[in-house]
Amino acid sequence: LPWISDQLEALLIFEPVAVGMAAERMTEAEIKSLETCMVSLSKAVLENNTRLIVSSHKKFHEIIAAGTHNRSIAKMLERLALTYELISDVMQRIEQERRDKIFALHVNLFKAITSRNTDKAKTESCEMIKYITILLSEYEGVSLPDKLTRISPDIPGGNK
């Protein structure tokens, strides 16, 4: 499935910039929605509710996309969100420690956005994408091309 690696590459290049924009532009109401989503995600992780984890994760990223206040960017992020949907099958098979890591990455991103720290938000977005990339590689056998490891050399497994 070469399109998956294309999606991951586009996500790694594009989403951190959009997240930085959202950190600058989100309204207080959007921040509150993001906080509510974090509470839902926390509950899902504690209850080991995979379906709620996946839906909360998706909602989290939808709120951020809307927070860019740019319809074109939000639409592009929506198309790239297919990558996050692929993780739903993986979520059912990973151990709790890795679910906790995914939650921690969301918390870090949430904190960066709510503190309006655009650089930190971009960094945290990259960290989340890298971790999801690693999970897809390990659990779904997604071959990661050199182009991904060149963008981010700490992603293992290029050209498996």
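A pocket, on a 1 Å grid over the protein atoms alone, is an open set of points where a 1.4 Å probe fits, with protein on both sides within 12 Å along at least five of seven lines; a cavity is a set of points from which the probe cannot get out, and lining residues have an atom within 4 Å of a point. A volume is the space filled by probe spheres set on the points, which are joined across faces, edges and corners.

Colleagues, this is a predicted model, in which local features need pLDDT of at least 70 and side-chain atom pairs count only at pLDDT 80 or more, while totals for chains, interfaces and linings use all residues. Residues are numbered from 1 along each chain as its sequence is written, and side-chain values use heavy atoms, leaving out hydrogens and water.

Let us begin with the largest pocket, which holds about 220 Å³ of space. Its lining comprises 16 residues, and those closest to the centre are His 61, Glu 62, Leu 77, Glu 78 and Ala 81. Two or more lining residues come from each of α1 (2-25), α3 (50-66), α4 (71-80) and α5 (82-91); these helices are DSSP runs (H or I, at least four residues), numbered from the N terminus. The most, six residues, come from α3.

What is the volume of the largest cavity? The largest cavity has about 50 Å³, and one cavity of 30 Å³ or more is counted. Ile 53, Val 54, His 57, Ile 87, Met 91, Ile 102 and Ile 132 line the largest cavity. Here too α3 gives the most, with three residues.
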